[in-house]
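Subject: Structure for your review

Dear colleague,

Please find below the structure that I am handing over to you.

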Amino acid sequence: MTHPFEIELETTLPASPQEVWEAIATGPGIDSWFMGRNEVEPREGGTASMDTAGHREEAVITAYEPGKRFATRTPTGEDGRFMAFEYLIEGRDRGSTVLRVVHSGLLGDDWQDEYDALRRGWPFHLNTLREYLAHFAGRVGVPVFDMALSPDKTPHEVRSALVRGLSLPVPVAVGVRAHAEPAGLAPLDGEVVWADDEHIGLRTAQGLYTFHHGSGVTVMFHHLFAPDTDTDGAEAAWQQWLNDLVA
């Protein structure tokens with residue numbers, strides 16, 4: 001049985017409507033703050049795709065109005081499930097922009113848990129978008145994805161390991177400093193820009209580092225802006241760091 005859902009959020013961003021459009025409606029823009037590696041065919045009826053660790057998802061672009069509205073819809077699955085995304089852009093005074101996001105569709109039998117995860121995740125992603133536009137606007141980020149499974153660990157143990165690995169105080173709070181040393185990479189020295197029970201977001205001079213953790217799993221979506229970033233090397237180094245952390 002499927003269950004309809006809708007999540008609607010609104011946020012004010014420190015950027016022009018054109019800068020927001022570039023961030024939410026182009027492949028390089030989405031790469032710089034959201035998830036995976038993205039491609040967007042710039043027209044209504046075109047395809048928007050996301051590749052995460054070799055898993056590719058595609059959606060049809062149902063609205064394409066540059067600087068105003070961008071919407072996509074995934075194909076309907078055999079079980080009736082689908083997801084639709086709509087972004088509405090409105091310019092405001094002093095160079096700011098209001099972005100309204102509507103995420104809707106049909107979920108399956110475990111809809112409540114999935115809905116709760118989506119509802120909790122969107123504020124975190126929009127904060128990452130805000131950090132990108134405030135500090136890296138006009139630059140293209142290199143997405144780095146890594147994941148580690150640790151089924152024998154509780155959510156508290158996973159969280160504690162991550163906090164230790166990032167040299168963070170307890171409780172973790174926005175504004176505190178973080179430090180990590182993945183082998184083969186320059187040390188990470190940054191500031192916490194988001195902290196809740198499931199997510200930690202960091203900003204450094206050259207990147208945005210996001211950590212998602214739960215029961216037996218930790219996922220990292222980083223966005224690196226240094227011009228000489230070696231994607232394969234960065235992913236390998238962060239994967240080893242994460243494996244050692246939660247082993």
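Strands β12 (residues 207-214) and β13 (residues 217-224) run antiparallel and are joined by eight bridges. One of these links G207 to its bridge partner in β13, L224. Strands here are DSSP runs (E, at least two residues), helices are DSSP runs (H or I, at least four residues), and both are numbered from the N terminus. Two strands count as paired if DSSP finds at least two bridges between them.

Please note that this is a predicted model, in which local features need pLDDT of at least 70 and side-chain atom pairs count only at pLDDT 80 or more, while totals for chains, interfaces and linings use all residues. Residues are numbered from 1 along each chain as its sequence is written, and side-chain values use heavy atoms, with hydrogens and water left out.

β12 and β13 belong to an open sheet of six strands with antiparallel pairing, in the order β8-β13-β12-β11-β10-β9. At its edges, β8 (142-149) and β9 (177-180) each pair on one side only.

Helix α3 (residues 111-135) has 25 residues and should span 36 Å at 1.5 Å a residue, which agrees with the 36 Å between its end C-alpha atoms. The expected span is 1.5 Å times one less than the number of residues. α3 bends by about 25 degrees at G121, and P123 follows within four residues. That bend is the angle between axes fitted to the seven residues ending there and the seven starting there.

Grid points are joined across faces, edges and corners, and a volume is the space filled by probe spheres set on the points.

The largest pocket holds about 1,400 Å³. Its lining has 46 residues, with F34, M35, M50, E57 and L118 nearest the centre. α3 supplies the largest share of this lining, seven residues.

The structure holds one cavity of 30 Å³ or more, and the largest cavity has about 40 Å³ of space. Its lining consists of F124, N127, T128, V193, W194, G201, L202, L208 and T210. Here too α3 gives the most, with three residues.

Yours sincerely,
A colleague

How values were computed. On a 1 Å grid over the protein atoms alone, a cavity is a set of points where a 1.4 Å probe fits but cannot get out, and a pocket is an open set with protein on both sides within 12 Å along at least five of seven lines; lining residues have an atom within 4 Å of a point.
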